[in-house]
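Reader: Could you walk me through the side-chain contacts of this model, one question at a time?

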Amino acid sequence: MRNTLMMLVALMCALTVCADITPAADFDLQKMSGKWYTVALASNAQWFVNNKAVMKTGTAVIVLTEGGDMDLTFASLKDDGSCFRATHTAQKTETPGRFTFHSQVWNNDNVMTIVEVVYDDYALVLTIKTKEEVSEASVAVYSRTPESSEVVQQKFTQLALEAGVLPDNAVILPQNAECPAV
């Protein structure tokens, strides 16, 4: 049942926002593995619009599983000193660079596409999040350093617009301290 649902989500994505947005050519998850900083986010989702002014950089750690899937762990230090953490196992699809996962935290189904990547520098990531038959696009920049270049920021803005995100909802995140290791 879960696989059927994820396939339906992927199909819906392909028919809507993702139709013209394809994964990076010759995607290599092994090279994508490691620590990244989430330095920019864009979405029209209400939760993002309500919180974008207080959001800051966080980290994303990607680990290749034995089965070729992706373990993805996010961490972001909050103003009160606590950490928001979320972990997902994203299953590979038949399309290299595209993954699906269910978020326990947000109770939504996700189709994640690595749109462009320079493995030692940055990755542009499009995620279509679907909950209760409503889909919303989210675009992120993962960077190997806590900031990104002007060129990468321009590519991020362009991808966000292509995904239907309003210009005011594309944010370069201010730098932040990291969560302590657990």
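**Contacts and burial**

Author: Gladly, and we can begin with T130, which is found in strand β7 (residues 122-131); strands (E, at least two residues) and helices (H or I, at least four) are DSSP runs, numbered from the N terminus. This is a predicted model, so local features need pLDDT of at least 70 and side-chain atom pairs count only at pLDDT 80 or more, while totals for chains, interfaces and linings use all residues. Residues are numbered from 1 along each chain as its sequence is written, and side-chain values use heavy atoms, with hydrogens and water left out.

Reader: Is T130 buried or exposed?
Author: Buried means under 20% relative accessible area, exposed over 50%, and partly exposed in between (1.4 Å probe, protein chains only). T130 has a relative accessible area of 7%, so T130 is buried.

Reader: Which residue does the side chain of T130 join in a polar contact?
Author: A polar contact is a pair of N or O atoms within 3.5 Å; within protein, one must be able to donate a hydrogen and the other to accept it, and residues adjacent in sequence count only if both atoms are side-chain atoms. At 2.7 Å, the side chain of T130 has such a contact with that of S135.

Reader: How are the planes of F27 and F99 arranged?
Author: Rings of Phe, Tyr and Trp (its six-membered ring) pair if their centres lie within 6.5 Å; planes under 30 degrees apart count as stacked, over 60 as edge-to-face and the rest as tilted. By this rule the count comes to 4 aromatic pairs. The ring centres of F27 and F99 are 6.0 Å apart and the planes stand at 70°, so this pair is edge-to-face.

Reader: How many residues apart are F27 and F99?
Author: F27 sits in the loop between α1 (2-15) and α2 (29-32), and F99 in strand β5 (residues 98-103). F27 is buried at 13%, and F99 is buried at 3%. The pair links distant parts of the chain, 72 residues apart.

Reader: What kind of aromatic pair do W47 and W106 form?
Author: W47 is partly exposed at 33%, and W106 is partly exposed at 42%. With 5.6 Å centre to centre and 20° between the planes, the pair of W47 and W106 is stacked.

Reader: Which residues do ring pairs link into a cluster?
Author: W47 lies in helix α3 (residues 46-51) and W106 in the loop between β5 and β6 (108-118), so their pair ties together parts that are 59 residues apart in sequence. Ring pairs make a cluster of W47, F48 and W106.

Reader: What is the handedness of the disulfide of C83 and C179?
Author: A disulfide is taken as a pair of cysteine sulfur atoms within 2.5 Å, and the count comes to 1 disulfide. The sulfur atoms of C83 and C179 are 2.2 Å apart. The torsion about their S-S bond is about -125°, so the disulfide is left-handed.

Reader: How many residues apart in sequence are the parts that C83 and C179 tie together?
Author: C83 is partly exposed at 24%, whereas C179 is buried at 15%. C83 lies in strand β4 (residues 83-92) and C179 in the segment after β9 (170-172), so the separation of these parts in sequence is 96 residues.
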